[in-house]
Amino acid sequence: MVRLIMLFVIAFIVFAALRVLLRKQKLTVQQFFAIYFATLVAIALLFAGLTGRLHPLFALAGAALPVIFRIMPWISRGMQAASLYKMFKNLGAQTNPAGANAPQTSEINSRFLHMVLFHDTGMMDGTVLEGRFKDAKLSQLELEQLFTLMSECSADGDSANLLQAYLDREHAGWQDADGGSERSAPPPGDNDMSEAQALDILGLPDDADYDAVIAAHRRMMQKMHPDRGGSTYLAAKINAAKELLVKTRSKGA
């Protein structure tokens with residue numbers, strides 16, 4: 001039981017460390033977990049080497065080789081079947097506009113920021129449009145610089161809310177790093193939204209129909225809902241974009 005608990009603790013520490021080290025890399029969930037499991041395997045092999053337990057592993061690998069050679073033809077056939085399935089799936093997506101045009105990113109603009117939301121990972125990044133850090137990427141700024149930018153953004157409610165959402169998502173516990181100071185709530189943003197802005201927020205093309213709007217809204221809320229670590233402000237923007245777009249699109253069109 002003690003060993004099992006230690007394994008869970010080590011796996012958690014590795015996960016947390018990789019999350020911090022790779023937070024600025026635009027990785028998909030699959031890529032992140034591939035790196036995570038490869039790291040765990042490397043740690044396990046290193047531990048086995050240091051404790052002199054690699055010899056049994058080599059013996060086990062030698063015993064498994066004949067079995068592997070026997071099943072290689074079946075593996076090859078399985079890969080061919082998977083390739084055929086992927087091809088037919090892609091053909092189906094080409095005949096299904098909603099699937100073919102599934103959004104990958106969303107964009108929100110304010111006075112100070114151009115923010116991009118990555119649907120696959122839920123990560124965020126943005127470009128500063130005005131002020132001392134103009135043209136800089138948020139991911140390239142140190143936390144102290146982001147605090148300075150927050151002070152500049154205080155003049156615009158949408159910008160302040162967007163930056164706070166970014167800090168909540170990418171710098172968990174940033175309030176403590178700010179010395180525990182109490183910041184006043186950002187001023188309310190501009191509630192007016194055009195159809196073009198709504199389409200950008202949901203990552204949809206101009207000709208997106210009712211079903212595409214509903215599907216995009218559902219996908220985004222799975223990543224950005226406050227109950228899942230998202231932002232109340234962003235969730236409100238996503239809901240507002242959906243409500244605006246469904247009014248101009250007939251259901252089932």
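Let me start with the conventions. The model is a predicted one, in which local features need pLDDT of at least 70 and side-chain atom pairs count only at pLDDT 80 or more, while totals for chains, interfaces and linings use all residues. Residues are numbered from 1 along each chain as its sequence is written, and side-chain values use heavy atoms, with hydrogens and water left out.

I begin with the salt bridges, where the rule asks for a side-chain nitrogen of Lys or Arg within 4 Å of a carboxyl oxygen of Asp or Glu. By this rule there are five salt bridges, and I will go through some of them.

Glu 130 and Arg 111 are joined through their side chains at 3.0 Å, N to O. Glu 130 sits in the loop between strand 3 (124–128) and helix 5 (143–153), and Arg 111 in the loop between strand 1 (105–109) and strand 2 (113–118), so this pair ties together parts that are 19 residues apart in sequence. Helices here are DSSP runs of H or I with at least four residues, and strands are runs of E with at least two, numbered from the N terminus. For accessibility, buried means under 20% relative accessible area, exposed over 50%, and partly exposed in between, with a 1.4 Å probe and protein chains only. On that scale Glu 130 is partly exposed at 30%, and Arg 111 is partly exposed at 43%.

Arg 132 and Glu 152 form another salt bridge, at 3.9 Å, N to O. Arg 132 lies in the loop between strand 3 and helix 5, and Glu 152 in helix 5 itself, so the pair ties together parts that are 20 residues apart in sequence. Arg 132 counts as exposed at 63%, whereas Glu 152 is partly exposed at 22%.

In the bridge between Glu 243 and Lys 242, the closest N and O atoms are 3.3 Å apart; Glu 243 is partly exposed at 40%, but Lys 242 is buried at 18%.

Asp 206 is in the loop between helix 8 (195–202) and helix 9 (210–224), and counts as exposed at 66%.

Finally, helix 6 is mostly covered, with twelve of its 14 residues buried, among them Leu 162, Tyr 166 and Arg 169.
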